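Keep the structure open while you read.

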Amino acid sequence: MGDAWLQFRICYYMFALVFVVFDVEMVFLYLRAMSFDILGVSVFIEAFIFVMILIIGLVYAWRKGY
C-alpha cells in the first residue's frame, strides 16, 4: 500500500493529448473521404489544408520534445 498521489512528468500528458487530437481528427478526415464523390474538389482542398495544419502541429510538438 502506498500513497494515492503519483507524480507524472508533463511529457506523458502531452503525448496522450497529441495522440487523442490526431486520433479524433482522423475520424473527421475519414468521413470526408467517404463522401468525396458527393462533396467535390473543394472539400479535398479543405481537407488538404487541414492535414497541413496537423502536420505543422506534429512537427512543433516533436521539436519541443513532447
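## Ground rules

Helices here are DSSP runs of H or I with at least four residues, strands are runs of E with at least two, and both are numbered from the N terminus. The span you'd expect for a helix is 1.5 Å times one less than its number of residues.

Keep in mind that this is a predicted model, where local features need pLDDT of at least 70, side-chain atom pairs count only at pLDDT 80 or more, and totals for chains, interfaces and linings use all residues. Residues are numbered from 1 along each chain as its sequence is written, and side-chain values use heavy atoms, with hydrogens and water left out.

## Helix α1

Helix α1 covers residues 10–34, and its 25 residues should span 36 Å at 1.5 Å a residue; the end C-alpha atoms are 37 Å apart, which agrees.

C11, E25 and L29 are buried in α1. Buried means under 20% relative accessible area, exposed means over 50%, and partly exposed is in between, using a 1.4 Å probe and protein chains only. The cover over the buried residues of α1 includes α3 (41–64), with contact meaning heavy atoms within 4.5 Å.

## Helix α3

The 24 residues of α3 reach 35 Å from first C-alpha to last, close to the expected 34 Å. V43, A47, L54 and A61 are buried here, and what covers the buried residues of α3 includes α1 and α2 (36–39).

R63 sits in α3 and counts as exposed at 75% relative accessibility. L58, also in helix α3, is partly exposed at 37%.

## How α1 and α3 pack

Which way does α1 run relative to α3? Their axes come within 11 Å and cross at roughly 170°, which makes α1 roughly antiparallel to α3. Axes are lines fitted to C-alpha atoms, for helices over the stretch in contact, with angles from 0 to 180 degrees between N-to-C directions. Under 35 degrees counts as roughly parallel, over 145 as roughly antiparallel, 65 to 115 as roughly perpendicular and the rest as oblique.

On the α1 side, V18, F22, E25, M26, L29 and R32 meet V43, E46, A47, F50, V51, L54, L58 and A61 of α3. By class, that contact has eleven nonpolar, no polar and three charged residues. Nonpolar takes in Ala, Val, Leu, Ile, Met, Phe, Trp, Tyr, Cys and Pro; charged is Asp, Glu, Lys and Arg; the others, Gly among them, are polar.
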